[in-house]
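This briefing goes through a structure topic by topic, beginning with the contact between its chains. Please keep the sequence and the coordinates open alongside the text.

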There are 2 protein chains.
Amino acid sequence: MVKPDDKEEIIMRAAMDVFVDKGQYGAKMQEIADKAGINKALLHYYYRNKEKLYTHIFKFIFKNIMDEVVDLLQSDLPFKDFLKTFISKYIDLLNENHRFPLFIMRELSQGGKIVSNAIKEAMPRELSEHLPAIKLIEDAMSRGEIVRMDPRQIILTVIGSSLFYFMGEPIIRVLLLNEESFDRDKFLEEKKEAIFNIIYYGLAPRGDKQ
Amino acid sequence: MVKPDDKEEIIMRAAMDVFVDKGQYGAKMQEIADKAGINKALLHYYYRNKEKLYTHIFKFIFKNIMDEVVDLLQSDLPFKDFLKTFISKYIDLLNENHRFPLFIMRELSQGGKIVSNAIKEAMPRELSEHLPAIKLIEDAMSRGEIVRMDPRQIILTVIGSSLFYFMGEPIIRVLLLNEESFDRDKFLEEKKEAIFNIIYYGLAPRGDKQ
DNA sequence: GTCTATATGGCGATAGAC
DNA sequence: GTCTATCGCCATATAGAC
């Protein structure tokens with residue numbers, strides 16, 4: 001992030017706010033300008049048009065999230081500890097950026113080129129070829145620490161079960177957590193425990209059953 | 001569904017297509033009219049304005065998905081079999097309607113009243129008070145078939161890990177499945193197996209560890 | 001760089017003939 | 001019920017002064 005009184009930075013923040021909330025088409029340039037405390041003309045001065053501004057925001061958010069996740073994937077801990085800390089930090093990350101996943105997925109659903117370009121720019125080539133997490137999982141399998149299974153299914157299960165709550169929070173709270181006194185922080189801590197326990201012990205080698 | 005040459009039905013299908021793809025604001029009435037093979041004026045004749053049409057579509061989709069899920073939740077199978085069949089049928093359902101979850105979530109992110117109204121209309125009161133799945137899980141815990149844990153965390157884990165692939169498919173295929181010969185059907189069948197095994201055995205009572 | 005004022009176009013919505 | 005033609009607004013974008 002740049003210094004906070006930089007105009008570009010101010011516009012970025014405002015645009016991010018509005019775009020994340022309303023999406024590319026629901027967002028209005030006027031609202032962004034208002035939120036940034038400037039007028040529409042200046043938006044066009046810095047970012048030639050709405051589409052460029054949107055694309056810029058999307059790539060910025062995508063890259064930042066990606067970088068954080070890639071960071072979480074760097075680890076030389078044993079598999080068990082890696083899994084535990086990854087889930088914990090990943091849920092923390094989502095909690096701090098709970099509106100981003102849906103924002104990214106919304107763009108995804110349009111299947112446009114913005115996403116594929118953002119991926120290309122955000123992903124170091126060598127990473128997409130060999131995710132460190134896959135190597136870690138394969139090693140744990142070789143050592144017999146966990147059962148054999150497509151590592152990608154494991155990754156998708158970890159990510160999916162961690163992510164879901166944040167994507168569906170409004171609906172989930174109505175359908176599932178309709179209580180007066182819902183302690184969200186506590187629930188998230190329990191979620192870390194739950195997901196780790198389910199997945200780690202779900203991967204543990206078993207005797208004969210099934 | 002109504003008879004397919006009914007005008008309202010034709011419009012519904014077209015509108016669904018466009019709205020699901022582009023969202024409430026990205027969608028254009030002209031495109032819907034084109035896709036339905038009629039003109040804009042007729043859209044307004046049947047559904048007074050864009051918002052009403054959108055709301056109608058959203059509630060329709062939401063209710064249909066809800067009904068299907070509620071169906072899946074009715075079961076008197078033992079927990080193990082219930083879990084296995086639920087995951088399998090739920091993934092099949094998602095596969096047949098893979099664009100709906102994102103559509104619903106996109107609306108969710110706007111936090112509008114459309115969603116909360118749709119929930120109220122789609123959810124039988126008695127169901128939201130007592131989800132049958134929670135009862136099933138609690139019984140299994142009482143019998144000692146699975147470890148004690150907040151049942152809601154289990155439900156979220158099952159749903160989240162099943163759902164994630166369909167919500168993120170484009171991105172996932174780039175990041176994780178960048179092969180020439182990706183057999184999607186096979187991958188989904190493996191996913192059913194993987195999720196069931198991880199979760200069911202992840203819930204199995206353990207000796208002392210952790 | 002930043003503003004006010006204005007042009008331009010697109011889109012939702014309606015009027016009105018058939 | 002279905003169409004063509006058109007209205008009127010609103011949002012993006014630009015012109016041009018300061």
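Predicted model: local features only at pLDDT ≥ 70, side-chain atom pairs only at ≥ 80, totals over all residues.

Residues are numbered from 1 along each chain as its sequence is written, chains are lettered from A and ligands numbered from 1 in the order in which they are written, and side-chain values use heavy atoms, with hydrogens and water left out.

**Contact between chain A and chain B**

- The contact takes 58 residues from chain A and 59 residues from chain B, contact being defined as heavy atoms within 4.5 Å.
- A:Leu156, A:Ile198 and A:Tyr201 supply 13% of the area that chain A buries against chain B, which is more than any other three residues.
- Between chain A and chain B the count of salt bridges is zero, a salt bridge being a side-chain nitrogen of Lys or Arg within 4 Å of a carboxyl oxygen of Asp or Glu.
- Seven residue pairs, both at pLDDT 80 or more, are in polar contact between chain A and chain B; a polar contact is a pair of N or O atoms within 3.5 Å, and within protein one must be able to donate a hydrogen and the other to accept it, with residues adjacent in sequence counting only if both atoms are side-chain atoms.
- On the side of chain A that touches chain B, the elements that give two or more residues are α1 (7-26), α4 (50-73), α6 (100-110), α7 (113-122), α10 (151-175) and α11 (184-202) of chain A, and α10(A) gives the most, with 18 residues.
- The residues of this side of chain A divide into 34 nonpolar, 13 polar and 11 charged, where Ala, Val, Leu, Ile, Met, Phe, Trp, Tyr, Cys and Pro count as nonpolar, Asp, Glu, Lys and Arg as charged, and the others, Gly among them, as polar.

**Symmetry of the two copies**

- A rotation of 180 degrees with 0.0 Å of shift along its axis superposes chain A on chain B, with an RMSD of 0.1 Å, and that is the relation of a two-fold axis; the superposition is by least squares on the C-alpha atoms of residues with pLDDT of at least 70 in both copies.
- Of the residues of chain A, A:Gly202 comes closest to the rotation axis, at 1.7 Å (C-alpha).
- The same surface serves both copies, in that 100% of the contact residues of chain A recur in chain B.

**DNA strand C**

- Of the 15 residues around DNA strand C, those that come nearest are A:Lys7, A:Asn39, A:Tyr46, B:Met29 and B:Lys50, a residue being near a strand if one of its heavy atoms lies within 4 Å of it.
- Sugar and phosphate account for 59% of the atoms of DNA strand C that come within 4 Å of the protein.
- Phosphate oxygens of DNA strand C lie 3.0 Å from a polar side-chain atom of A:Lys7, 3.3 Å from an N or O atom in the side chain of B:His44, and 2.8 Å from a polar backbone atom of B:Lys50.
- α3(A) gives the most to the surface near DNA strand C, with four residues, and the residues of that surface divide into eight nonpolar, three polar and four charged.

**DNA strand D**

- Of the 15 residues around DNA strand D, A:Met29, A:Lys40, A:Lys50, B:Asn39 and B:Tyr46 come nearest.
- Phosphate oxygens of DNA strand D lie 3.0 Å from a polar backbone atom of A:Met29, 3.0 Å from an N or O atom in the side chain of B:Lys7, and 2.6 Å from a polar side-chain atom of B:Tyr46.
- The largest share of the surface near DNA strand D, four residues, comes from α3(B).

**Fold and salt bridges**

- Chain A has 11 helices and zero strands, where helices (H or I, at least four residues) and strands (E, at least two) are DSSP runs, numbered from the N terminus.
- Over all chains, a search of the whole structure finds 30 salt bridges.
- The side chains of A:Asp67 and A:Lys63 meet in a salt bridge (3.2 Å, N to O), and both residues lie in helix α4 of chain A, four residues apart, about one turn of the helix.

Key:
Buried area = accessible area lost by both parts, 1.4 Å probe.
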